[in-house]
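Student: Please take a close look at one part of this model, the ligand site. What surrounds the ligand, and what touches it?

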Amino acid sequence: MILSPEILAILILDFIFIFFAIIAFILSIKIFLGWDANSTTKKQYRLEKQSFLTAIIIKYIFIVKVPLFLFFIFTLDKMSNVIIGAMCAAGVVDATPYGIYLFIFKIMNLYFFGYWLVIHNEDIKYETQPYTRLKFGIFIGIFFLFIVELILEWLMFSSINIDKMVSCCGTLYSSSSTSSISIIFHINKTLLLSIFYGNFLFIYIFYLLRKKYLFVIANILFILTAISSLIVFFGTYIYELPTHHCPFCFLQSDYYYVGYLIYTLLFIGTFYGIITGFVEKSKGNKIENYKISVIFNFLYVILVSLYPIIFYIKNGVWL
Amino acid sequence: MIELKNITKIYGINTNNKVIALEDINLKIKEGELVVLRGASGSGKSTILSLIAALSKPSSGEVIVDNKRISKLQDNFASIYRRDNIGFVFQKYNLISTLSVKENIILPLVPLNLDVKDVEDKLSVVTKRFNIAHKENTIVRNLSGGEQQRVAIARANINNPKIILADEPTANLDEKLSLNFIDILKELKKLNKTIIIATHDPLFFGLDFVDRELKIHNGKIIS
Amino acid sequence: MKNKINIYLIEYAINSILRQKAKNFFIVFVFILLIFLLTSIFFITNSIKYELETTVDSLPQIIVQKIKAGRQYDIDENVVDQLIKIEGVKDVVSRVWGYYYFANAGVNFSIVGLNEYENQYKNSFKKIIQNVELEKGNTSFMVMGQGVQKVLNENYYDKYFNFIRPNGTLKKVNFAGTFDADTELESNDVIVVSKDTFRDIFDMDENKATDIVVKVSNPKEISMIASKIKLIYPDTRVITSDDLKVSYQNIFDYKSGVFLAIFIISLFTFFIIIYDKSSGLTSEEKREIGILKAIGWKIDDVLKEKFYESFIISSFSYIFGVGLSFIYVYIFHAPLLQNIFTGYSQLKTSFELPFIFDIQTLFLVFFLSVPSYIGATIIPSWRIATLEADEVIR
Ligand SMILES: Nc1ncnc2c1ncn2[C@@H]1O[C@H](COP(=O)(O)OP(=O)(O)OP(=O)(O)O)[C@@H](O)[C@H]1O
Ligand SMILES: [Mg+2]
């Protein structure tokens, strides 16, 4: 285990998270089982008070979690200097069997926590608090996912071995790689790009038509097509290297940390896209969400498309 | 507009020294009415006010204001209800003594995140009406009792509430200032506010603009 | 949803902080101190790490020393001719160097002997040899780092310096200038003289050297070649640059690890204090919350106000602590703390910390301080916010 200050900081925060998450979990169970909006008993009043504590804890975790996720990637990048063979965070993620799952859980949990907050904000608008049981029920589920994430994080940090050679992103993200990612390299580039732009077009059309569920599905698919096309095509223009496909390296200072911007746009765009399907009541809100989703997805498309276009203008050829 | 239905309020319900503060109260108050609650100390006047303000919940019965069962409101919504409907003038004024007059008066507006202009507009309306504009930046601690009360009244009115509740408004004032307060009451009455005053000050009894006097004794309305 | 910042709430929060001056002043003071210490430690370690890394990178890839009875002895110069024959070796140079204790000032100088016509094993030496005009025939000159010059000037040596030979006689050496090196650690205590002068000062045999450095064409072969050398000359110790890097790093990580451990303990103590301080409510505070709720503040509003308070306190302390530490480390060169990390500053002349601006350190300190402070205030704030409001009518 490397106990660098960065890892220690993350672990300290994890520790605080666990402490609070357990409180929120226990209260959630109590509220989920005992909630009765019509009752005027002391118990109900107590639960109402406790629901505030639970909500603020979850908000707190989410608000710290978002920048901490960026810091986490930052830390992996820094660790890649120490680990032999790793060039960027990709190598570190690959260095242990837990890395990739940790990553998936982290991203998933961000969406879930965000989703929880959306229901919560909707819930507290109404005197009847229609979603209270639902939201705390959902948190019970999120809690377990979150704990898995924290355990994976612990496992990953404790099993990283500085002396063991790891693969660098160059081999991980190439058509010759044996990993499951390599499939996307066998798809025809033009086809992939058409799917990507087509996907965005569909998001826009469903927005105009206000087709809720199609809009959600298009957004979920957009996460996949965006990341695949980023690895296969757009990434190479960011690096200006036809063979470099890594989705992590452009998070580094050499590329002006542009990766953080790329992923933030994609996250906000798809997140607001996905929640349009779940939030019921207030109409005005939903149109807002549609708009935010379309705008951010659009900005994402513009940003990644600029790289090849500028490259072409400068060099007169495609990679 | 305000309706109390079979209200009973018992303090310390599960303890030895339980107090029945109110017992089976039924009361209807119309919009624009000015009602004086009279009664000796401990008779339950303040308790009635706090129930109407949704500051506490009845042990049984219902409080209905504008067709809304406010006795059942969850804490946050009770606050919203108070913010939008109730101006409460407390017995001890309940100002924050280290803040200035202005800061005290705008306190109810702080969470609303209004524009500076809106806040200033509302502020100047009430400071002029209650004659405290010249002291706007004075720290409340340094004000006289009468001035403090005017600040409290201004604060109670900043959101232009429909209902004004005043608990022993003249308990800490000398006679001249008490008469001043009665003038203010007249003015509020002209603005068509529903006003409920809890007091045992004889000054309020038999005033011509008071619509009703209710006598409370041991938690019951006796006349 | 309005996303505008609520200035009235901020104003209220600041007022509220100021209203409890004594309590908050104490918290802010301790918090600033903690952040200041932590940031200073990170700044210093970053700088020294950078310094060490550049030093280590400029170190020879392989050093060969002669070992006899467990101690290092001078090595025969003709070993050079043998080593150059090993495949993969690019260059071999014998070095003469050592430490000279200057009793008047109580410091050690590192003395290096160089020959003009030899390949230099360090770029900075190459520069020195090029820059200094050597008077023909007179090999009795010295070039020194700025730190050395300062010490000597303070002791009234302006043009030459008298070395004391092992037998007690004096050796006069003229100054030929000073040099800048890549790093402060290196340049401060080094004196460069010719090999002949060096041997004269320390009474060393003609055909001996202190050690031998080997340059390898392909860095990946360093360890392989090192083991070959060890086979040919069993009486030598062969040190590679990687060994050095690791041992430097270890000492270093150990020291900052100890600090971090101490820090974490103090952090937790601090949070218990905060928790305690923000839980203990005076009746005045209770009344205040009662008033706020009675005039229409929601639980969420009170929570938000409390959040503003802790955010203001923690970010103020953060900014202030980091700022102080900037000044302390980079302007005043971290008196006291630096010694703990460098350790040998008693004997060597001091060096300045290079300015390494690392945004990550700022983030790191931020994550260690602000979120945990706010976390410590969550439960107390909630307790306050859910107090019954009807207290105020009594
Ligand atoms: N929180 C409480 N716990 C226990 N008893 C209470 C509480 N609040 C009020 N009481 C009791 O309820 C009764 C009615 O109180 P209330 O404050 O309504 O009287 P009041 O008419 O306003 O009296 P005063 O003129 O002194 O203000 C009193 O006997 C009082 O002691
Ligand atoms: Mg009373």
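**The site of ligand 1**

Tutor: Ligand 1 lies between chains B and C. The model is predicted, so local features need pLDDT of at least 70 and side-chain atom pairs count only at pLDDT 80 or more, while totals for chains, interfaces and linings use all residues. Residues are numbered from 1 along each chain as its sequence is written, chains are lettered from A and ligands numbered from 1 in the order in which they are written, and side-chain values use heavy atoms, with hydrogens and water left out.

Start with the shell. It holds 13 residues (a heavy atom within 4 Å of the ligand). The closest are B:Ser41, B:Gly42, B:Lys45, B:Ser46 and B:Thr47. By class, the shell has 4 nonpolar, 6 polar and 3 charged residues; here Ala, Val, Leu, Ile, Met, Phe, Trp, Tyr, Cys and Pro count as nonpolar, Asp, Glu, Lys and Arg as charged, and the others, Gly among them, as polar.

Next, the elements. In chain B, β2 (19–29) and α1 (45–52) each supply at least two shell residues. α1(B) gives the most, with 3 residues. Helices (H or I, at least four residues) and strands (E, at least two) are DSSP runs, numbered from the N terminus.

Now the oxygen atoms of ligand 1. One lies 2.7 Å from a backbone N or O atom of B:Gly42. For a backbone N or O atom of B:Gly44, the distance to a ligand oxygen is 2.9 Å. The side chain of B:Ser46 places an N or O atom 2.6 Å from an oxygen of ligand 1.

Finally, cover. Taken alone, ligand 1 exposes 640 Å², and the protein buries 69% of that (Shrake-Rupley method, 1.4 Å probe).

Definitions and conventions:
A polar contact is a pair of N or O atoms within 3.5 Å; within protein, one must be able to donate a hydrogen and the other to accept it, and residues adjacent in sequence count only if both atoms are side-chain atoms.
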